[in-house]
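This report describes the packing of a two-chain model. It takes up contacts within the chains, contacts between them, and one selected residue.

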Amino acid sequence: MKSMNRRQFLLGASGSAMALPWLEVYADDPKTKKAKDPSLRFASFYSPMGFVRDHFFPEKGNSDFLSMPTLRSLKSVGDKVTMITGLSRVNVRGTDVHNQASSCFLSSANPHGKLKSPYPMDRTLDHLIADKVSHRTPIRSLELNCNSFKDLKESIYLDNISWYGPEHVATAMKDPSQVYQRLFKTRSSDKDITDLILEDAANFKKNLTHQDKDKLDEYFESVREIEIQIEKLNKYYSNNKRAEMDEPGEGPMTRGEYIRLMGKLLVVAFQGDLTHVATFMLAPERWGSPQRYHELRFTKSHHGLTHGQGNQEVKNFLVQVDQFYVELFAEVLEQMDAISEGEGTLLDHSMVTLGSGLGDGKDHTMNELPIIVAGSANGKIKTGAVINCPENTPLANLWLSQAQLMGTGMEKFSDSTGPLESLLV
Amino acid sequence: MARLALATALLASSSALGKKTSGPLTDFKKGIKPVLEKHCYHCHGREKTKGKVNLSALTSWKDFESNPLLIEKMIEALDKNEMPPEEETQPSETQRQFILVELNKAFQNALLQGGNQPVIPLRLRRMNRFEYGNAVRDLFNLKSWVYSINDRIIRDHNNYFRPESRKMPKVVSVGNRIMGLQQMLENRLLGVMAFPKDPPAENGFNNRGDHLSFSPLLMESFLELSRSIVNAENFDENCRVWDTLFQDPLIKKPGTPKGSIDVDRSVATRNSGLSISAWIRPEKTGDHWQTIVRREDSWRRQLLAIGRTGDTWGLWLGAGIAGQYEEFGAPVDRKLLGDGEWHHVAGTFDGKKITLYLDGKQIGRKALVGKLEMQSTGEMAVGAHGNEPFHGGLDDIRIFRSGLDRTQIENLVAKVQDVAKEEMVGSWRTPEEVIPTLQEPIEKIAHQRIDKFLLKAFRSPADKKTLNLYAGYFDKQYKETGDFTRSMKDVVSAALASPRFICVHNEIDEASPNQKSFNLATRLALFLWSSIPDNELLELAEGGKLQDSAVLDKQVDRMLNHLRVKNFCDSFAPQWLKLNNVVSASPDFKTHREYYFGGDDKISYKRGMHMMLEPLLNFETVFIEDRPIMELVDSDFTYRSHLLSEWYQGRAATYPINVNLRNINFTRTPLEDRRYGGVITNGAVMVMTSGPFRSLPITRGSWVSSVIFNDPPQPPPDDVPDLRADDETLKKEGLTVRQKLKQHSSNIQCASCHQKIDPLGFVLENYDLLGRWREDYRTGLKVDASGKLFGKHEFKDVVGFKDAVLAEKEVFAKAFIGHLLSYALGRELTLADRIAAGEIADASKKDHYRMRSVIKNVAIHPIFSQLTKS
């Protein structure tokens, strides 16, 4: 991984890629004369099929998780990173465990309730948060996905962690230039057409059955959301400069370059307050096809590796994949930490999680989920520590805490038993 | 997805289920209970409740009937001899059959409780991108594709797909989209980007309503598409409905006169020859061919053109005569034709000779005895064909269904009225003469056009409110810009973004008169064409006639004969067979270099590119030739490229890197060797069910179980240890993968499921990971492919297995129908659908499960047509 030149990346081609204005929203509050807390950003990174446990979790009592082979690359931001152990989800038996791992990760929906879909799905954390905070930013939320497989042979559940609700996927962007367009391109609203089709849709709705009416609401919501976004983005760019970033080209990218570019777009979006909520799939869950890890110089099926990890040679490959993803995650954190905002850095004003819906890929357990949280959320959460939760603490407790920190005022999240007090300062 | 797995498994279940099983149930305590007590309660009741099934708790038929899922599970387990387990005492065959019949009755009762099961209507969903592209293409009758997408695998390069012919040609020239960009370079709208590929449902299709939802991101794509389509720089020239939709009635269309002639159908059925007469004023007289008129109809195409072929520059007539395409030309002085004056040209064929005329004088003649042949009554293009457009003026073109004589031609030149009027089947005049003043206000013309357009786009008539909305938009835009075409494009663009277009929908009956008919037209078109209904369907719907079962019957036949049915084959077949998995299959490059051809380690082509086409062509053959679907399992023919034939014979033919990848000839190969043929035993299936180093029998078994028997295995338990079946380990242990697996699945919990899928996978072990036949493994140990199907049919090898499947053809048919029905309905099947699937299977059996009957029986069954049975 020496080939990655972080410094060069941070500076960008022009040497000033990250030169965005520090926004006035962080200036002193005119009434209290006290510095306002910068707006908090929420991001959740998903890495598929867990991590090799004995390279990820330190032994009981050892808090030096940054020396674990998989996590070493986090050292550069080590004092701003926390490991949480003991979090679990409940797997609904008899259904596909990988599908559940990804599609239910961020909703951690109650597995015992009545299923509205094949898996216990629900509106996911990112959207519950966006419901509350999206008024602050031109873009409601970003759903990013670094699935570089051209074939879509596997299910929708494996490829998505962000859902508006059961069976209603929040389509993720996989193409960096599409993300770029979304962040930087303004266009005039086609209000004539939008008004027309919304009126037509409203008439149309009268001719539908009850169930279909609900489905059509997805259409209404989508069209309205687009309109709101165009308007907000235009307003935003009439007051703010665009970040100096080259539009992603068409050329082939290595696996690392691809993820890095998507990470950079995320950082730019956060830095410019274009959005405060994002999800980021480093790779899809399971996905049978082998894929090329250019930087690691091999082509392997990540899923296949997890099943073969009983074999030391296979395990070595798998650890490399784990390290690869953690390094790329670490790079995003480093970039965020290099951006000053008032008295802290962008990372300090964020809460960025890296996790997986499986404890490890070999035995498919959903207990002891690997979870790393970075950024102190404006100093509200502990960093640089290992937080050991009692065994089988619901993952929903972490989501509840995060939802509360993001200001949703929620008191319960799915099957949560309470916020994760030990994480809070 | 247990629910899905089970529900679909049931469809596939036993032949016993096919039996008519009405009649009262026997007394529970005297009839079934003693048998259950003896053979089942031991594990499923009292002390143990294996699989969480407690049968002793069910003490009456009523208890059973409240649990149809359990009954189904029992029927399946009993019929496939999965229960009681092998090592336990078995009930007698009579007892087994007795219980099956009883359970089946109970199941029917359970389903019928609460009256007739309501038919679940088609749910609202958006179109997937394959359907959307087809719908737009058909809406504007485009000459091009809308966008190039990889959803279609086969590219047809010699018009081999002709369903009405009921015969696949011996040689088909095809490409595979994964062979790279060459395949994607097809005529398409420029700058139009498709939205991302829709995900397939597990063990299902990508038209599933529950997966096709909206999001702002997708909606943005739809809005963008609605604009980019009509604004594409080559949209205008590719739009065949231009004249009746976008063309400003007040101005002459720019450029050379182009148009089309709709010919009377009688030309195909009642012709004694052909005559084409035209006035031309060429502006160019180069060597390049210039089309006066032309109609595509394979080798029966007809044309009149000028240009040079060989040494002759002149006038040419082409037509299909006596079984082949004939083209005859007569030399003409090109200076004369290019003198800027109007000239009359004509070509005739009267069954005995072709004659060509210039300005009423015969300039060439060729004796040719035979019948003029044609099938398509599609339109004739005027002044245009590919890159052979006519430069200059064309006017007064007339088509006749007989060979006119010299006097008649002279009369045409002399502009005598009504020459051979009764023989004329089509004509065209340059539009400028007809236009000058409008009979009606231009807005009224626009509104009429919009009304007609909306009917087609929305698949049901626009009510007053809707029409006013779009017509009002036109008026506003036209008032502002004065640009008719621009304003019409704006209206069309808005309609393309309306949910009425984007969504597949079923409007409530009150929405308009004959709404039921319109809904049915849409469902039929989506199912059989992956597109919107054509004019004929809409006309029938408008007249409320589509629900007439005789009309419906005829329409389904027509649709199955229509070229658009290619969309069905393109969409259903590869998804059913999960063929896309071949694309991502990656046999190890170092140890299996022979899988890759024509290149080096950076650029190379996979043999899988050829392999994918074989099962697809076999599927299409069964469809086009309306063969029994059992030939999907066992056929006496197959389609292979040279590369594939060599491959199966153990020869890895190599090709240079610049090998032709665009159009590959696949030749129909008669098969005596039953180890090949059909859609199962071919390279594609073997490669995609193998890992990089070895074949994966469990993956193969799971494929056979899911695809062929529509019975996807339950997901494996969460903690399966690695099999460790690499060559090295096996060699050390002296085991075959089969023996190794037996050790591995000795766990009772795993064993019951493996008992089912293992034989289905091991039977294919004679094919190595690259699809080549082998008797022995690389370790030297012999392949053991023997097994038993459903615990009844023993087989030694794959040929025996095919016999076993054929012996259970009802099971295969029901499984296939289950897939088809789920595709047709765009949803996961439910228990209640099982009865319908059974009825469809029964109806198709009479016709030996011929492919088209099977499809037709789905389309006309009430569950799909929603017609009440008469």
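## Basis and conventions

Two residues are in contact if their C-beta atoms, placed from the backbone, lie within 7 Å. The model is predicted, and local features need pLDDT of at least 70, side-chain atom pairs count only at pLDDT 80 or more, and totals for chains, interfaces and linings use all residues. Residues are numbered from 1 along each chain as its sequence is written, while chains are lettered from A and ligands numbered from 1 in the order in which they are written.

## Nonpolar cores

Leaving aside neighbours within four places in sequence, B:Tyr470 is in contact with B:Ile450, B:Leu454, B:Val491, B:Ala494 and B:Ala495. A nonpolar core is a set of buried Ala, Val, Leu, Ile, Met, Phe, Trp, Tyr and Cys residues joined through C-beta atoms within 7 Å. A residue is buried if 20 or more other C-beta atoms, placed from the backbone, lie within 10 Å of its own, exposed if 12 or fewer, and partly exposed in between.

The largest nonpolar core comprises 179 residues, and B:Tyr470 is one of those with the most contacts inside it, together with B:Ile229, B:Leu528, B:Ile817 and B:Val858. Helix 32 (residues 809-825) of chain B gives the most to this core, with 11 residues. Apart from this core lies another, of 103 residues, among them A:Tyr46, A:Val133, A:Tyr325 and A:Ala374.

## Helices 18 and 19 of chain B

Helices (H or I, at least four residues) and strands (E, at least two) are DSSP runs, numbered from the N terminus. Helix 18 (residues 515-529) of chain B packs against helix 19 (residues 535-542) of chain B at an angle of about 155°, with axes 8 Å apart. Axes are lines fitted to C-alpha atoms, for helices over the stretch in contact, and angles run from 0 to 180 degrees between N-to-C directions.

On the side of helix 18 of chain B, B:Ser517, B:Phe518, B:Ala521, B:Leu524 and B:Ala525 meet B:Leu537, B:Leu538 and B:Ala541 in helix 19 of chain B.

## Interface between the chains

In chain A, 49 residues are in contact with 46 residues of chain B. Helix 7 of chain A gives the most to the side of chain A that touches chain B, with 10 residues.

## A:Pro419

A:Pro419 lies in the segment after helix 11 (395-405) of chain A. A:Pro419 is buried because 21 other C-beta atoms lie within 10 Å.
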